[in-house]
Amino acid sequence: MPRSQLVMLASFFALALVFPLVAPYEALASEILIFALFAMSYDLVLGYGGMLSFGHAAFFGIGAYSTGIILIRVVPSVPVALLGAVCVSSLAAAFVGYASIRRHGIYFTMVTLAFAQMFYFIAFKWTSLTGGDDGLQGVPRPNIGPTDIHPEINLYYFILALVIVSMFIIVRVVHSPLGTALQALRENRNRAMSVGYNVDRFRLVAFVISGCFAGLAGGLYALLLNMVPLGSLHWTTSGEVVVMNIIGGMATLFGPVIGAVSIILLRDIISNYTDAWSLFMGLIFMMAVFGFRDGIVGFFRNKIIPRANKILGQAFPRKH
Amino acid sequence: MNLQFVLMQLFNGLILGSLYVLLALGLSIIFGMLGIINFAHGAFFMLGAYAAYTITSYVIPNFWLALISVPVLMAIFGAFCEMLLFRRLYDLPPLYIMLLTFGLMLVLQDAVRLLFGSMGVPFGTPKSLTGMINLGFMYYPSYRIFLIAVTSLTAAAVWLFLTRTRLGCIIRAGTDNPRMLQALGINISKTMTLVVGMGTGLAGLAGVLAAPIQNVRPLMGMDLLVDCFVVVVIGGMGSLGGSVVGGLIVGQIIAIGVMVWPPMANTLIYLFMAAFLLIRPRGLFGREAFHE
């Protein structure tokens with residue numbers, strides 16, 4: 001695991017520790033953390049795996065619904081609920097992945113999207129279990145051991161702990177042999193195959209790992225909102241996480257995190273003035289595609305750092 | 001469950017299937033030429049319905065005028081989108097055009113919502129097509145029979161255009177190998193404008209036809225679009241026959257689902273797709289590794 005990634009993780013942790021002091025309100029800070037984890041888990045699939053999945057809302061939403069349903073109906077224990085959410089969403093990712101991974105490129109996108117829509121319809125129609133259109137209401141926040149997570153600030157630090165651990169694991173995965181192989185077959189599928197890699201299996205494993213952390217993010221989201229909105233399963237949520245990745249910078253791990261922070265903050269600010277967030281979101285999408293394809297991280301890497309080096313004289317040496 | 005009811009449902013499935021066919025045809029030819037899925041296709045469909053509403057309620061209250069003018073207007077709109085937006089991104093991986101169309105979809109839907117409201121607008125059946133037709137074994141609304149007729153004629157016309165005219169021949173060649181086409185001296189960028197315009201026009205036509213039988217609301221195309229993805233996955237991308245057969249199959253699956261267990265009707269098509277992918281990954285008429 002390269003030192004630069006550890007530095008990034010440590011600085012993210014340090015910033016996140018003090019973030020509630022400057023954030024407009026604590027719940028917003030928690031939401032940002034949750035989407036940062038969601039976006040980073042998605043980077044594994046899009047950035048490193050080169051697979052444009054348009055169905056990741058499914059795993060996020062399934063994680064959220066599982067957490068809510070376990071807390072309401074089975075046992076009021078947060079660790080059990082989150083563990084259950086991770087298991088269920090990993091299973092769902094294994095199912096969707098197994099069926100869709102045999103298709104590549106655009107077909108993969110369509111198939112993942114269609115499966116996500118299937119879960120959306122199930123949640124929409126199975127009203128007795130999921131609350132249908134109104135979403136799953138009344139998700140409790142039981143104490144974790146002696147800790148009361150009802151105060152938003154306590155919940156924030158609980159979420160932060162889980163998010164940091166998950167991010168550490170994701171960074172580890174990317175720099176493991178699995179991650180390297182994944183990038184190799186993103187770059188050249190045929191060559192990776194001829195070297196003897198089982199391409200589809202690697203893609204499936206990455207997909208399931210990604211779905212697992214998306215599910216955890218979803219579970220935390222249910223705790224944060226005290227409910228699960230049906231929209232968490234809709235494919236526009238998948239689109240949002242894609243744009244977080246593009247805006248932040250694909251295949252950089254912390255780029256998507258920056259993307260998530262920017263999008264959620266921007267949504268919060270714009271929603272104060274108008275209800276046409278979707279319009280702005282669409283415009284952000286189009287602008288990102290036309291003028292900002294390398295994302296924020298790429299912008300710094302390609303534009304700012306070379307310029308700074310020119311002025312400061314190789315203050316930031318280029319690594320190869 | 002009597003026979004009358006079953007036949008009625010199968011006919012309703014045929015109506016839904018007809019809309020799928022029109023949308024999937026447009027999706028499929030755009031996909032064939034550009035190698036992208038057009039996320040804005042559902043929004044184009046919705047825009048067609050709203051254009052019909054605007055024409056019939058504010059300009060001239062004549063459905064027939066809307067039926068003819070909206071597809072043309074939408075085709076022009078699509079051609080402009082291609083020339084102003086899509087064209088700049090052809091050199092990049094297809095991911096970017098798809099994201100662009102996704103953004104375009106959000107913008108169009110929200111713009112329409114701001115203009116007309118999120119509740120939707122009323123759209124009546126055209127006067128000359130109200131009432132029922134006696135089919136011998138049952139009575140069926142004449143507008144719906146008309147819809148099936150128009151769709152069949154359009155699908156036939158598209159098929160004739162693509163297989164019997166020089167321009168259609170160029171388009172099919174471009175679907176096969178755009179670079180080779182360019183090397184042979186064909187102006188490929190004009191062809192692409194034409195294809196996107198044609199696909200958008202078909203989506204607009206589907207929008208006008210759907211307006212009297214569906215709720216005209218800003219998000220009407222969004223979920224229909226995902227169903228169309230199922231259609232093209234089952235039918236096989238880039239195959240016109242696949243779009244037609246796939247559209248009719250998916251329409252019937254929903255109709256049968258509604259008869260058997262209504263809440264599962266929509267879920268059924270995705271399960272069918274999953275099963276289909278395991279048995280025949282390239283779809284009914286799809287070619288191996290086409291645009292993968």
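**Notes on the model**

1. C81(B) counts as buried at 7% relative accessibility, whereas C87(A) is partly exposed at 46%; buried means under 20% relative accessible area, exposed over 50%, and partly exposed in between, with a 1.4 Å probe and protein chains only.

2. On provenance, this is a predicted model, in which local features need pLDDT of at least 70 and side-chain atom pairs count only at pLDDT 80 or more, while totals for chains, interfaces and linings use all residues. Residues are numbered from 1 along each chain as its sequence is written, chains are lettered from A and ligands numbered from 1 in the order in which they are written, and side-chain values use heavy atoms, with hydrogens and water left out.

3. A search of the whole structure finds eight salt bridges over all chains, each a side-chain nitrogen of Lys or Arg within 4 Å of a carboxyl oxygen of Asp or Glu. One of them joins E240(A) and R267(A) at 3.1 Å, N to O. Because E240(A) lies in helix 11 (residues 235–248) and R267(A) in helix 12 (residues 254–271) of chain A, the pair ties together parts that are 27 residues apart in sequence; helices are DSSP runs of H or I with at least four residues, numbered from the N terminus. Both E240(A) and R267(A) are buried, and together with E31(A) they are linked in a network of salt bridges.

4. R203(A) forms a salt bridge with D200(A), with the closest N and O atoms 3.9 Å apart. Both residues lie in helix 10 (residues 199–225) of chain A, three residues apart, about one turn of the helix. R203(A) is buried, at 7% relative accessible area, whereas D200(A) is partly exposed, at 30%.

5. Helix 1 of chain B (residues 3–34) has 32 residues and should span 46 Å at 1.5 Å a residue, which agrees with the 45 Å between its end C-alpha atoms; the expected span is 1.5 Å times one less than the number of residues. Since 23 of its 32 residues are buried, helix 1 of chain B is largely enclosed by the rest of the structure.

Methods:
Helix = DSSP H or I, 4+ residues; strand = E, 2+ residues; numbered from the N terminus.
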